[in-house]
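Q: Please guide me through the reading of a strand pairing, the sheet around it and the helix beside it.

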Amino acid sequence: MSGRHHEYSTTVTWIGNRGTGTSGYRDYSRDHVIAAGAKPDIPGSADPAFRGDAERWNPEDLLVASVSACHKLWYLHLCAVNGVVVTAYEDHAEGQMVTEEDGSGRFTEVVLRPRVTISSGDRERAASLHHDAHEKCFIANSVNFPVRCEPVIVKA
């Protein structure tokens, strides 16, 4: 592998010990805190389907958000260098996951649905840059499931 090497460090601290640790499946909280340097902490838990707190971020939410955010960052960069002026971007991304009888599971796909408003530049070019962004996205290139993009481009 050639190129620059980048490292990312996080700390995940479980805060769900209710006094008896993991003495039983229902005896502990899935709550945790995700930290990385001086950044704000992220309150985490499991998905409510797995006894988690619905008001906290779960790993599945974070995976879908990571795919969406990475795509957006590449897309905005490519628009900037290709003369497409984006004035608004909102993505309603969805991930599909299946679980097996033994409790294991996997994502089967993520679908990005960005709604992009442009003030100048060609709408067709703006749409095609999503393909280029997908090809460059670090996260999409790292997952083992398909990532689809269904953009809507609106001219302001």
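A: This is a predicted model, in which local features need pLDDT of at least 70 and side-chain atom pairs count only at pLDDT 80 or more, while totals for chains, interfaces and linings use all residues. Residues are numbered from 1 along each chain as its sequence is written, and side-chain values use heavy atoms, leaving out hydrogens and water.

Q: How do strands β6 and β8 run, and how many bridges join them?

A: Strands are DSSP runs of E of at least two residues, and helices are runs of H or I of at least four, numbered from the N terminus. Two strands pair if DSSP finds at least two bridges between them. Here β6 (residues 105-112) and β8 run parallel and are joined by 3 bridges. Val 110 lies opposite Val 147 in β8.

Q: What is the strand order of the open sheet?

A: The order of its 3 strands is β5-β6-β8, with mixed pairing. Because β5 (94-99) and β8 (147-149) each have a single partner strand, they stand at the edges, and one side of each is left without a neighbour in the sheet. From one strand to the next, the twist averages 15°.

Q: Which strands does helix α1 touch?

A: Contact means heavy atoms within 4.5 Å. Axes are lines fitted to C-alpha atoms, for helices over the stretch in contact, with angles from 0 to 180 degrees between N-to-C directions. Helix α1 (residues 59-81) packs on the sheet and touches β5, β6 and β8, its direction making about 35° with that of β6.

Q: Which residues of α1 are buried?

A: Buried means under 20% relative accessible area, exposed over 50%, and partly exposed in between (1.4 Å probe, protein chains only). The buried residues of α1 include Val 64, Val 67, His 71, Trp 74 and Leu 78.
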